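Work through the following exercises with the sequence and the model side by side. Each task is followed by a solution in steps.

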Amino acid sequence: MRYAVLSFGCRTNQADACRIERRLIEDGGVGAAPESADLVVVNTCTVTAAADQAARTAIRRVARLNPAAKIVVTGCYAERCPDDIGRLPGVTIVPRLAETAPAEPGPRVARNEAADAGRFPLRPGDRGRTAYPLRVQTGCDERCAYCIVPSTRGPGRSRPLPLVLGDVRGLADAGFRQVWLTGVHLGSWGRDLEPRSALLDLLDALDREAASLDVTFRLSSLEPMDCSDAIVDLLAGSPRFAPHLHLPLQHASDAVLTAMRRPYSADRYREIAARIRERMPDAAIGTDLMAGFPGETDRDFDVQLQALEELPVTHVHVFPFSARPGTAASAMGDRIPGVEIRRRAERLRALGQEKTRRFYERMVGKDLAALTIADGTTALTDNYLKVRIPAGRARNERIRVRVTSADPPAGEVIR
């Protein structure tokens, strides 16, 4: 059987797509382009209306170009609107998320979690992937006003520590040298386990485990309230964790944060970001910002812009507000006109791009640890610069790069 997996959205979705692909390979599947595959799995996102549209467009395109393909749709959009997805052309099955097996015959996209521990038929370079996204947690117990994900992913569930350690050993044996730790609410890892544990315990165990393995770790999105001083200190003090954190702020106005039901203040976020910059001066700090949340005043937006200018963030992902049916925000008044939301989003993006440019310029002349990716002429530094390097290296090599230019980022290999 020839298969293709298309995935949209966050790194947790990417991790789910890897799990699906692992199982298809174990069942004898061979990867192929969507246009020639017998089976196409579309793993969807539903965080915005644009994400829904992207999934529908991809499904229709596969059905048009490969009408004989069996199309299976999973992920958050499929979980939220299974009937709508099921009516799209070519769709055969809409299973639950990767935690649950399909109720009717179809590809085996789910299996007992424990049975998967340490099983990695994928290798670095498969489907263009050098680092591996490993999901250690899924679901969320928070109730942010704008977010539909708790209703599509369900409550927070953690992968037990022995299984995570087995996964890491399996990935190292498969040749992977960098692992992205992902989760819907990564910072809640361990709260549902018996005995109760915490993300710091997981990171400490991984740090000790990796001492005998040629593997490093990079954290995916971590909520500000979960980024403790102890976690920052562990990351700063260990060569096995990349100096790179993504902390979604969402908004710098406390009034908007309260309306969003975000459990921290803008000042607390500033303290966390300053602590990271103090302990890891060259760290990449990414963030998410939302433009046009209901009730966002001109003053709120000015506060947002000013905070972005002042915060030591280096990479910015901007979300225009998108009302998700069933969320508290979808019923709020004081909606911002779409034209104004787009204008605000563009201003935030422009400033975010400028922040990234300044960060790249500050890295010129520095020697940075990196991993070669793609065809070996690009290296991703531990602090998240994608740097062009001279040809002659293979993919998945650990190197050190001296950054020689910022626009575009380029460097020379020093060892």
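**Exercise 1.** Is arginine 159 buried or exposed?

*Solution.* The model is predicted, so local features need pLDDT of at least 70 and side-chain atom pairs count only at pLDDT 80 or more, while totals for chains, interfaces and linings use all residues. Residues are numbered from 1 along each chain as its sequence is written, and side-chain values use heavy atoms, with hydrogens and water left out.

Step 1. Take the cut-offs: buried means under 20% relative accessible area, exposed over 50%, and partly exposed in between (1.4 Å probe, protein chains only).

Step 2. Arginine 159 has 8% relative accessibility, so this residue counts as buried.

Step 3. Look for its partner. Arginine 159 forms a salt bridge with aspartate 167, with the closest N and O atoms 2.7 Å apart. A salt bridge is a side-chain nitrogen of Lys or Arg within 4 Å of a carboxyl oxygen of Asp or Glu.

**Exercise 2.** How are glutamate 271 and arginine 268 placed in helix H11?

*Solution.* Step 1. These two residues form a salt bridge, the closest N and O atoms being 3.1 Å apart.

Step 1. They are three residues apart in helix H11 (residues 266–279), and therefore separated by about one helical turn.

Step 2. The general rule is that an α-helix has 3.6 residues a turn, so residues three or four places apart point the same way.

Step 3. Glutamate 271 is partly exposed at 47%, as is arginine 268 at 33%.

**Exercise 3.** Describe the sheet that contains strands E10, E11 and E12.

*Solution.* Step 1. The sheet is open, has three strands in the order E10-E11-E12, and its pairing is parallel. Two strands pair if DSSP finds at least two bridges between them.

Step 1. Strand E10 (244–246) and strand E12 (315–320) are at the edges, because each has a single partner strand; one side of each is left without a neighbour in the sheet.

Step 2. From one strand to the next, the twist averages 15 degrees. Axes here are lines fitted to C-alpha atoms, for helices over the stretch in contact, and angles run from 0 to 180 degrees between N-to-C directions.

Step 3. Strand E11 (residues 284–291) pairs with E12 over six bridges. Leucine 289 stands opposite valine 318 in E12.

**Exercise 4.** How many disulfides are there?

*Solution.* Step 1. A disulfide is a pair of cysteine sulfur atoms within 2.5 Å. By this rule the count is zero.

Step 1. Check cysteine 18: the nearest cysteine sulfur, in cysteine 10, is 12 Å away.

Step 2. Check cysteine 227: the closest cysteine sulfur, in cysteine 144, is 17 Å away, too far for a bond.

Notes
Helix = DSSP H or I, 4+ residues; strand = E, 2+ residues; numbered from the N terminus.
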